[in-house]
Amino acid sequence: MNYELVAIDLDGTILGSDNEVSSRVEEAVRAVQAMGISVTIATGRMFASARRFAEHFGIKTPLICYQGAQVRHPESGDIISETLIPKEVALGVIEYCQRNSYHVNAFQGDSVFMAELTPEAEFYLGLSGVEGTVVGDLAAWLPGDVLKLVIITDEPTTVTVIDELTTEFGARLNVTRSYPIFAETISPDVSKGRALRSLAAHLGVPIERVMGIGDNLNDLDLVTAAGFGVAMGNGAPEVKARADYITGVVEHDGVATALETLILRA
């Protein structure tokens, strides 16, 4: 296939537990771009966090951030598209977290807000490489619609949170998992796959000539929307089952393996 665009997730795909980019992955991403193929990042992370990696790879293509709730140019910062969770729905999620004593982050603009600086908050901020703002009672503070909310617990509880929020909010909310301990809520009109189709159209690239690479449940739509979907070896079973190709695990540079095999040596 003659690829024109490659969309790659960050956590669990490019980034392993050490939150670092390997030299082999960096070389492969840069080599693909040197062939004239556009590369973008498709992540649940906020723009400020994703932008650092775009600069690292020399990526000029608009970035898919906040699970697809925002598509934004990495250099100018111009917003190409943005879809928010209505305030009343966001308040419902925050109140659910308050009832269950779960830590939750709220995202507006390109900032993250929280009730207090808990260990869960410190972990999230350290992983993302951003600063957060403590506002006290998050429900009382919330001034309007939000890009997303992230509930941080432990791995078994994350599954419970996803099930309970999906049941409680139904079609008013899209609830997914981006990291073993992150339950993420976004607008029901948002997903990485939808954002990828929109970005491809914006760039004039047929979706058939797009490769999508990811690992977790929030990447399922990315992998299936792309003309050719790649699942990481460490990926969720649901993603592997729908992928066209399963590459190596993140610790063994699975992204580089996929790019080398399917593009650079093809």
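In this predicted model, the side chains of Arg265 and Glu260 meet in a salt bridge, with 3.6 Å from N to O, where a salt bridge is a side-chain nitrogen of Lys or Arg within 4 Å of a carboxyl oxygen of Asp or Glu. Arg265 is exposed, with a relative accessible area of 63%, whereas Glu260 counts as buried at 15% relative accessibility; buried means under 20% relative accessible area, exposed over 50%, and partly exposed in between, with a 1.4 Å probe and protein chains only. Salt bridges that share partners also join Asp9, Lys192 and Asp219 into one network. Side chains of opposite charge can pair when their charged atoms come close.

Residues are numbered from 1 along each chain as its sequence is written. Because the model is predicted, local features need pLDDT of at least 70 and side-chain atom pairs count only at pLDDT 80 or more, while totals for chains, interfaces and linings use all residues, and side-chain values use heavy atoms, with hydrogens and water left out.

The structure holds 11 salt bridges, and the table gives three of them.

| Salt bridge | N to O distance |
|---|---|
| Arg45 and Asp11 | 2.7 Å |
| Lys192 and Asp219 | 2.6 Å |
| Arg265 and Glu260 | 3.6 Å |

The side chains of Arg45 and Asp11 meet in a salt bridge. Arg45 lies in the loop between strand 2 (38-41) and helix 2 (47-57), and Asp11 in the loop between strand 1 (5-8) and helix 1 (23-34), so this pair ties together parts that are 34 residues apart in sequence. Helices (H or I, at least four residues) and strands (E, at least two) are DSSP runs, numbered from the N terminus. Both Arg45 and Asp11 are buried.

A salt bridge also forms between the side chains of Lys192 and Asp219. Here Lys192 belongs to helix 7 (residues 192-203) and Asp219 to the loop between strand 12 (210-214) and helix 8 (220-225), so parts that are 27 residues apart in sequence are tied together. Lys192 is buried, with a relative accessible area of 1%, and Asp219 is buried as well, with a value of 0%.

The nonpolar interior can be taken next. A nonpolar core is a set of buried Ala, Val, Leu, Ile, Met, Phe, Trp, Tyr and Cys residues joined through side-chain atoms within 4.5 Å. The largest such core has 53 residues, of which Val6, Ile8, Ile14, Met211, Ile213, Leu259 and Ile263 touch the most other members. Helix 10 (residues 254-264) gives the largest share of this core, 6 residues. Apart from it lies another core, of 24 residues, among them Val89, Phe113, Leu149 and Ile162.

Also in helix 10 lies Ala258, which counts as buried at 0% relative accessibility. Leaving aside neighbours within four places in sequence, Ala258 is in contact (heavy atoms within 4.5 Å) with Val230, Tyr245, Thr247 and Ile263.

Helix 4 (residues 119-128) has Ala121, Tyr124, Leu125, Leu127 and Ser128 as its buried residues. These cover an arc of only 165 degrees around the axis, which puts them on the same side of helix 4; the arc is that of the directions from the helix axis to the C-beta atoms. The face turned away from this buried side carries the exposed residues Pro119 and Gly126, and helix 4 is followed by Gly129, whose phi is positive, near 70 degrees.

In strand 11 (residues 182-186), 5 of the 5 residues are buried, so this strand is largely enclosed by the rest of the structure. Phe182, Glu184 and Ile186 point one way from strand 11, and Ala183 and Thr185 the other way. Strand 9 (residues 148-152) pairs with strand 11 in the antiparallel sense over 4 bridges, and two strands pair if DSSP finds at least two bridges between them. In strand 11, Glu184 stands opposite Val150. Strand 10 (residues 174-179) also runs antiparallel to strand 11, joined by 5 bridges, and these two strands form a hairpin with 2 residues between them.

Thr158, found in helix 6 (residues 155-169), is buried, with a relative accessible area of 1%. Not counting residues up to four places away in sequence, Thr158 touches residues including Arg177, Phe182 and Ala183.
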